[in-house]
Amino acid sequence: MKTAILRSAGAALRRNAAPSRPSHRSHYSTASEPERKVAILGAAGGIGQPLALLMKLNPLVSSLSLYDIANTPGVAADVSHINSRAQVEGYAGEEQLGKALEGSDVVIIPAGVPRKPGMTRDDLFNINAGIVKSLCTAIAKYCPSALVNMISNPVNSTLPIAAEVFKKAGTYDEKKLFGVTTLDVVRAKTFYAGKAEVPVAEVNVPVVGGHAGITILPLFSQATPKSNNLADEEIKALTKRTQDGGTEVVEAKAGKGSATLSMAYAGAIFADACLKGLNGVPDIVECSFVQSSVTELPFFASKVRLGKNGVEEVLGLGPLSDYEQQGLESLKPELKASIEKGIKFANQN
């Protein structure tokens, strides 16, 4: 029974990962897959633990390195008993950070404090910005060529911080730094499928902009399968719900946490897409917050084609509805301010 559940969970993750061609979705030959090390920084936390579980289930991962300031050896021992390919090591404390990072192909950063009721993503800034800067300084030293997946909020600011840290260290590669906005896509797919009454597994919805409030812009006009029975007001409501998805969870948990399980799932999907790209699987496209020239802003989330070097191509926005065009113009000032805030922090601290 447990083996069946394990297989089912792994298969579900692969099915929902990236919109690659069907022949690459449903089967792997682990014997022929390259050795890939994935490090999770913040692995003992609310996102880190379920993310560690999901990455342990991924047959593309041969080595899973779990790091946090405390409790990581226990998390590592726990997931290491799962009968899947990845060998697991747990590291705790700053003195073990270098060893945790060495040789990593992908580094996922969910480290930081979660949101509490009444807290905005901006309230998290001073705490999480310092954590991110410290971790990225270590990444630049110990695994400068790794793909870095930034989950720590506020992503609109923490990603620019990471870029500045890597620039100062002389290791910055715009193709290898990603803000993980996949949860916005996951939510948009789920909410759209429910309202349009279409099978959720078949749905795709691009989400562009940033990763907070009004900077999150789902492009329901480009959703597939196409639904012609959604009124303008329903599209606006879906947009608002996608933008407020994090707050919905924070309030529902009533002070006991934020979106940890769905975020871990989304983080695992994006990391899987990165691994597929590194391994040469074609047509891997996901939305991500990256260095971009799609708009006048230096960083922006849009569809990104992933490959052996990370970002192979940043794709354009495509045709927007009038409502989406208005949303795009409305989000730019707030996203610009968040980006500048991150850059300023990195340069002054």
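Visitor: What is the relative accessible area of Lys167, and how is Lys167 classed?

Guide: Lys167 is partly exposed, at a relative accessible area of 43%. The value is computed from a predicted model.

Visitor: With which residue does Lys167 form a salt bridge?

Guide: The partner of Lys167 is Glu164, and their closest N and O atoms lie 3.4 Å apart. Glu164 is buried, at a relative accessible area of 13%, whereas Lys167 is partly exposed.

Visitor: Where do Glu164 and Lys167 sit relative to one another?

Guide: Both belong to helix 6 (residues 155-169), and because they are 3 residues apart, about one helical turn separates them.

Visitor: What are the N to O distance and the spacing for Lys276 and Asp272?

Guide: Their side chains form a salt bridge at 3.3 Å, N to O. These two residues are 4 residues apart in helix 10 (residues 261-278), which again means a separation of about one helical turn.

Visitor: Are Lys276 and Asp272 buried or exposed?

Guide: The cut-off for buried is under 20% relative accessible area. Lys276 has 1% relative accessibility, so Lys276 counts as buried. Asp272 has 0%, so Asp272 counts as buried too.

Visitor: How many salt bridges are there, and which residues are linked in a network?

Guide: The count comes to 12 salt bridges. Asp283, Arg305 and Glu313 are linked in a network of them.

Visitor: How is the packing of two helices described?

Guide: For helix 5 (residues 125-142) and helix 6, the angle is about 35° and the axes are 9 Å apart. Helix 5 passes helix 6 in a right-handed crossing. On the helix 5 side, the contact residues are Phe125, Ala129, Val132, Lys133, Cys136, Thr137, Ile139 and Ala140. Helix 6 contributes Ser157, Thr158, Ile161, Ala162, Val165, Phe166 and Ala169. By class, this contact has 11 nonpolar, 3 polar and 1 charged residues.

Visitor: At what angle do the axes of helix 7 and helix 8 cross?

Guide: The axes of helix 7 (residues 182-196) and helix 8 (residues 232-243) cross at roughly 145° and come within 9 Å. Helix 7 passes helix 8 in a right-handed crossing. Asp184, Ala188, Phe191, Tyr192 and Lys195 of helix 7 meet Glu234, Leu238, Arg241 and Thr242 of helix 8. The residues of this contact divide into 4 nonpolar, 1 polar and 4 charged.

Visitor: Where is Phe300 placed, and what does Phe300 touch?

Guide: Phe300 lies in strand 10 (residues 299-307). Phe300 is buried, with a relative accessible area of 0%. Leaving out residues up to four places away in sequence, the residues that Phe300 touches include Val208, Gly209, Phe289, Val290, Leu317, Leu328, Leu331 and Leu335.

Visitor: How does the whole chain read?

Guide: The protein chain has 11 helices and 11 strands. Of its 349 residues, 54% are buried. Among contacts with a separation of 6 or more, 71% involve residues 24 or more positions apart.

Methods:
Residues are numbered from 1 along each chain as its sequence is written. This is a predicted model: local features need pLDDT of at least 70, side-chain atom pairs count only at pLDDT 80 or more; totals for chains, interfaces and linings use all residues. Side-chain values use heavy atoms; hydrogens and water are left out. Axes are lines fitted to C-alpha atoms, for helices over the stretch in contact, and angles run from 0 to 180 degrees between N-to-C directions. A crossing is left-handed if the near helix is turned anticlockwise from the far one by less than a right angle, and right-handed if clockwise. Contact means heavy atoms within 4.5 Å. Ala, Val, Leu, Ile, Met, Phe, Trp, Tyr, Cys and Pro count as nonpolar, Asp, Glu, Lys and Arg as charged, and the others, Gly among them, as polar. Buried means under 20% relative accessible area, exposed over 50%, partly exposed in between (1.4 Å probe, protein chains only). A salt bridge is a side-chain nitrogen of Lys or Arg within 4 Å of a carboxyl oxygen of Asp or Glu.
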